[in-house]
Amino acid sequence: MIRTQLSAKPMQATYNPKLIEAEVQQRWTQTRQFQASELAGQEKYYCLSMLPYPSGALHIGHVRNYSIGDVISRYQRMQGKNVLQPMGWDAFGLPAENAAIKHGVPPAKWTRENIAQMRAQLQQLGFALDWSREFATCDPDYYRWEQLMFTRLMKQGLVYNKLAEVNWDPVDQTVLANEQVVEGRGWRSGALVERREIPQWFLKITAYADELLDGLDDLPDWPDAVKIMQRNWIGRSHGAEIRFQVADSDTMLEVYSTRPDTLYGATYMAVAAQHPLAVQAAADNADIAAFIEQCQRSGTAQADLDRAEKLGIDSGFKAVHPLTGKPIPIWIANFVLMSYGTGAVMSVPAHDERDHAFASKYGLPIVPVIQPPAELELPADVAYTGSGTLINSAEFDGLSSDQAKLAMVQRLAEQGLGQASTQYRLRDWGVSRQRYWGCPIPVIYCQHCGAVPVPEDQLPVLLPEDVAFSGVTSPLKSDPAWRQTQCPQCGKPAERETDTFDTFMESSWYYARYCCPGAQDMVDERADYWLPVNQYIGGIEHAIMHLLYFRFYHKLLRDFGMVHSDEPATRLLCQGMVVAETYFRKQPDGSTVWFGPTEVEVSSNSAGDRVAVLLADGAPVQIGATEKMSKSRNNGVNPQDLVERYGADTVRLFVLFAAPPDQSLEWSDSGVEGAWRFLRRIWSGIHQHLQVGAPAALEHSALTPAQRDLRRKLHDTIAKVSDDIERRYTFNTAIAALMELSNQLQRFDDASPQGLAVAREAWSALVQMLHPVTPHLCTHLWPQLGGHGDIEHAGWPQVDEQARVRDAITVVVQVNGKVRGKLELAPGLDQAATLAAAQADQNVQRHLQGVSIRKIIHVPDKLLNLVVG
RNA sequence: GCCGGGGUGGCGGAACUGGUAGACGCGCUGGAUUCAAAAUCCAGUUUUGGAAACAAAGUGAGGGUUCGAUUCCCUCCCCCGGCACCA
């Protein structure tokens, strides 16, 4: 018999995770257990968890994400697959700049120290990661390829520059992220934020809108919620472009509408404050000028704009209705955005809620043109937004909405005033950020040649790392030596682009780079072995933006011939967030300081309200919303304390057991004790089992009923756990099933040779099934139970269907839908036999007295419902 | 505001395809063990009535479909995520 290093030692009576976890992890490192290579003869399985932002310390949300990935990876490995599970760092981004401001540490140094700390924490948790492929997105050897890609996209015409709005802090003279705008004010200065237009780079994701939308149909193993959200985000709609002439002028006002059938109901137009007509109107009208200025005074966040009061002012201009020829007023409105479509809309207050509210407020006419179906009863003074029959629409009266849409578009086309059009809600991807800690955008501005991509042989454009960072101006912008260069085309002095990329750029292609560490191009042929990703796992908060950019980038890589599939990941699991309460104090300067859950104590006051005090000074802090754990809210729970107290296996087991992965989890560590007790019971149960003696060979025909019961439980459990892990992703119910098996196994007290054989089969399978969840413990126990070799390569327990056959099943008897009895019956009984058994039951008899059975519903082997009266 | 998800015992959750509501775990109560405590083990634990058998109510609120609804439909309330510069 081959004895492994671990089995040579006698088993200790008590479970000591510290000892065995360190020992097992050391062995994994020595044998490079999880280093993956491209093995042609073996089926590959690429399991990828979203890469973390190195915020400084792992929080429970990370543990949840990576524990899920690790269970799937280890399960697939036990199924015989060649598994790749890599890890890296999404290392650029705002928090490093914030830390630099707060603590005076250069972002690069802060980031790299955080990475070292978090890597150590991940290793302590025992995830089966291939560390040989690790990288940080701030490594020049990573971002150089992203710069190369961008210059290639420029040459392909998939990149362009245009003016776009940003949040401008007029006091700090800096651009703010939406997150840095709090109630309309700059988070540090407290100044009212303004919208300001600056030139920015865009990627033409809209060129792929149709493919991104239609491709969702080819992703059966992505959650519906994600696909629906992406569909709505892309927002393909079919409608018409309609041109309204501005009265007494040659100017045409072009609008897009999905409801050309309501054209006769258009009683006014609305244009954005930045629209040329608005600017023109403001030139000789102080009120309009003041209104336009007022419109500038808000941030750019869409949610805030939607919630803001809808305001407008008459521009004084009139538009000519394209079909009636009548003049209608043109208003300037704060809810129309220049960056959307044409910056102008036609308003049909009778059939659009927002237009209705606006028209009511400003006394604009409301003309109904769609008659709702007769059976619909509608409250008065409300917009009817459905379809119906046309009225008040001249010769179009009587047509249905659908017919009218076609007819109106045809008429407009004949008159040269419009045509059918398909539009998308999706906007091109703005990738410019006015920040220091990001990937430099590889563009040189030349007075003669314009914006020129940095030639490939001059890449990467390195980000200087040893800088002093004040937080107001980017070191790139303030360093003339870095900025100044020569134009690659004409050789004359020129300036570098000082903006950096949106960090979504880095996280859009990292999955491909993991496949080919050290490749001398963006990716190489090894990507063809590993891609697409078999299982992608990450937070539901990434359902739209990251996952859309990720899909988009894959299509770009495909069109450059670098990958050969249409979608980056075939299966997706979105875990719910781990959320926790937040605690804060407002500073006199208007800023907010956030405190972590370990820094405060929460209790109830005499009025029964929850109050919190800061432990450090005993003074109260405010209790904020319950939100996802984040650096900015400081509400992350560090798993380190739990790992030190209970070991990694207990922590992994508990986060998986606490809730199904797709549900959000409000953090509380009560219950960790239960996970810990369970592992201790497994340990002591096996210890006792080994003490009793050696098991005989299993003889199926010689088993007692109790022995058969245990085997049935075991094989039911194998079937359930396999299904829960592989198909349902409900690790919580898989663990519950293993607990049930363990409970029955501990009660099974049978020292006979066959009893020990059945117990040994069950303990061994239990340890195998638990291995993906608590790998250290199971790796250690496997050889004790006589398992050969690595548990990773021992396969997955097989279901013995014979063992699952039952000779009796519970059938529920209902009378009028209420449970009145439970019968233990042989399987496969027909309705008559089941009814006979039910009528023999005393309690059922009681409920059948004095009534007659009117109807019988029989679900074989499950239920008998007697409808009586 | 718009899009997506959720709401079940004291708590986390289970019930997978319309068929036993509350698996599993935490907590709590009682008991065993102990000089004592911790740990461990055993029993109980949705609410109400009852010694029990059993009965009634019960899955955010209200309504509907059905022999039967946590599950399907409608209206509403609350919570969470996203909304294009947090990642």
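Student: Which helix holds both Arg74 and Asp70?
Tutor: The two sit four residues apart, about one turn of the helix. Helices here are DSSP runs of H or I with at least four residues, strands are E runs with at least two, and both are numbered from the N terminus. Arg74 and Asp70 both lie in helix H2.

Student: What kind of model are we looking at?
Tutor: Residues are numbered from 1 along each chain as its sequence is written, while chains are lettered from A and ligands numbered from 1 in the order in which they are written. Side-chain values use heavy atoms, with hydrogens and water left out; local features need pLDDT of at least 70, side-chain atom pairs count only at pLDDT 80 or more, and totals for chains, interfaces and linings use all residues, the model being predicted.

Student: How far apart are the closest N and O atoms of Arg74 and Asp70?
Tutor: Side chains of opposite charge can pair when their charged atoms come close. The rule for a salt bridge is a side-chain nitrogen of Lys or Arg within 4 Å of a carboxyl oxygen of Asp or Glu. Arg74 and Asp70 form one, with a closest N to O distance of 2.8 Å.

Student: Is Glu254 buried or partly exposed?
Tutor: Glu254 in strand E9 (residues 252-257) pairs with Arg243 in strand E8 (residues 237-246), eleven residues away, in a salt bridge of 3.3 Å, N to O. Buried means under 20% relative accessible area, exposed over 50%, partly exposed in between, with a 1.4 Å probe and protein chains only. Arg243, at 18%, counts as buried. Glu254 is at 28%, so the label is partly exposed.

Student: How many residues apart in sequence are Asp800 and Arg711?
Tutor: Their side chains meet in a salt bridge of 3.2 Å, N to O, and both residues are buried. Asp800 lies in the loop between H24 and helix H25 (801-804), whereas Arg711 is in helix H21 (residues 705-728), so the separation is 89 residues.

Student: How is H1 oriented relative to H24?
Tutor: Two packed helices are described by the angle between their axes and the distance between the axes. H1 (residues 17-31) and H24 (residues 775-784) pack at about 85°, axes 9 Å apart; axes are lines fitted to C-alpha atoms, for helices over the stretch in contact, and angles run from 0 to 180 degrees between N-to-C directions. Angles under 35 degrees count as roughly parallel, over 145 as roughly antiparallel, 65 to 115 as roughly perpendicular and the rest as oblique. That makes H1, relative to H24, roughly perpendicular.

Student: Which residues of H24 touch H1?
Tutor: Contact means heavy atoms within 4.5 Å. H1 brings Ile20, Glu21, Val24, Gln25, Arg27 and Trp28, and H24 brings Pro775, His776, Leu777, Thr779 and His780.

Student: How many of H24's residues are buried?
Tutor: The buried residues of H24 pack against several helices, including H1, H2 (60-78) and H19 (648-657). Leu781 and Trp782 are among those buried. H24 is mostly covered, and the count out of ten is ten.
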